[in-house]
Amino acid sequence: MRERKKYFNKLLNTRNYNNIVEALLPSDRIRKISGVSVVYLAVNSENRIVTKFSFIGTIFFLFWYILYFYCTYKAHSEDQTILRTIYNTKLKRYGDDFERIASIIYVTYSMWKVPFRMSGNQVFIQRIVDIDSAIENMGEAVDYNKNAETALVISIAQLGDFLVRMFCIWLSLENLSVIVPTEKLYQVVYTDALSFVITSHYCFSLIVLRGRYKYINKVLSEIKTRSAWEYKVFVRNKVAPDLEKVQRLQDRIVCEKIKACARIYSMLYKATEAINRMYGTALVLTMLLYLVFIILYMFYFMEATASGLLYDIKKYVDFLICVFWQMSHALSIIYANVYFSESITREVCKF
C-alpha cells in the first residue's frame, strides 16, 4: 500500500506548490497531447497570470481536429453508420445525418472554446490566486496538492472514457462479424469526448471554488464557536496580567478576521461570475445536445424492441450496448453539471 502511494505521489510530482497554476503542471502534458490546451497559464514575477502559446498543444490540436473533419466527411460520403449496422431503423440515414450536423456544430464551437478560452481562463485563475493570497494572509494554509490530484485524475479520466467507449462499441460490432465503420466511430466518440472535456473543466473550476469557500467557512466556524480563538489569543498573551486587554485584543482580532472573510467572500462572488461568463453558453449547448440525443436514442430503443429485435439475443445485446453507452454518457454529463453546481451552493449556504 505504501509503495502504491509513493508511486502515485511520484506521478503527481507532489511538492509544495506556490499557487494553483503550479498545481496544474502535472496534468499539463496530458492536456496538450489531447489537443485541448493551445494556450496555457503562467505566473509572472508580479504574481499576475499571463497566457503563453504551446507549440506542442497546437500540433496535437490541429492533428485531432483535422482527423475529426476527415472522418466526418468520409462517414457522410460513404453513409457509414453504427446503429443501422445492427438494426435498420425507420429514420434510416436521417438520424445519422442529424447526429452528424449537430456534432459538426458542437465541435466547431468547441474548437475555439476549449483550447483557447477554457485552457487560458486567465480571469478566473487570477481571481483564485488573489483569493489564495488573502486566505494565506489570514494564517490558513491552502493545500494545492488536492487541486493537482483532482486535475490529474480528471485528465486521465478523459482519455480513459475516450478509449473505453471506442473499444466497447468496436467490440460490439466485431462480435457481429460486421465491418466496423472506423471513421463514424471516431466522429461519434470524439464529440462525446469534447463534451466530457467541457464538463470536466467546469466541474474542476467549481471544485476549486468550493475548496476556497470551505477555508472561509472553517474560519467563520471557529469564530462562531469562539473557543478556538480564545485559546489562540490566550496562548499568545499568557504572560499578560491584564485580562481585559487580552479580551479587547481578542475582539479586535475576531473583527479583523470577519472583515477579511467578508472581503474574500466578495472576491469569491467575482470568481463565480467569471465561471458563469466562461461556461454559460457552452453548458447550454452541451446539455441541449445531449437531451436531444437521449430522445433520439430512446426512440431507437423503443422501435427496435417493438419490432422484435429482442428475439435475436446476440444482436439485441450489442444494440443495447451502443444505445445505452450513448444514453449513459448523456445522463452522466447532465448529472455532473447539476451535482457540482448544487454542491457549491450547499457550501455557500452554510454561513
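A residue counts as buried when its relative accessible area is under 20%. The model examined here is predicted. By that cut-off, helix α4 has these buried residues: G57, T58, F61, Y65, Y68, C71, T72 and A75. They pack against four elements, namely α3 (28-33), β2 (49-53), α6 (93-118) and α9 (182-225).

The length of α4 was checked against its residue count. The helix covers residues 55-77, 23 residues in total. At 1.5 Å a residue it should span 33 Å, and because its end C-alpha atoms are 33 Å apart, the two values agree. Both ends of the helix show local detail. At the start of α4, the backbone nitrogen of G57 has a side-chain oxygen of S54 within 3.0 Å. Just after α4, D79 adopts a positive phi of about 50°.

The largest pocket holds about 410 Å³ of space. Its lining comprises 24 residues, and L24, R31, S119, H201 and F204 are the closest to its centre. At least two lining residues come from each of α2 (20-23), α3, β1 (39-43), α7 (122-137), α8 (144-175) and α9. By type, the lining has 13 nonpolar, eight polar and three charged residues.

The second largest pocket holds about 290 Å³. Helices α8 and α9 each supply at least two residues of its lining. The largest share, six residues, comes from α9. Among the lining residues are V142, D143, K146, E149, R210, R212 and K214. This lining divides into six charged, three polar and three nonpolar residues.

Conventions
Residues numbered from 1 in each chain as written. Predicted model: local features only at pLDDT ≥ 70, side-chain atom pairs only at ≥ 80, totals over all residues. Heavy atoms only, no water. Expected span 1.5 Å × (residues − 1). Buried < 20%, exposed > 50% of the residue type's maximum accessible area, 1.4 Å probe, protein only. Contact = heavy atoms within 4.5 Å. Polar contact = N/O pair within 3.5 Å; in protein donor to acceptor, adjacent residues only side chain to side chain. 1 Å grid on protein atoms, 1.4 Å probe; cavity = no way out; pocket = protein on both sides within 12 Å on 5 of 7 lines; lining within 4 Å. Points joined across faces, edges and corners; volume = space filled by probe spheres on them. Nonpolar A, V, L, I, M, F, W, Y, C, P; charged D, E, K, R; others polar.
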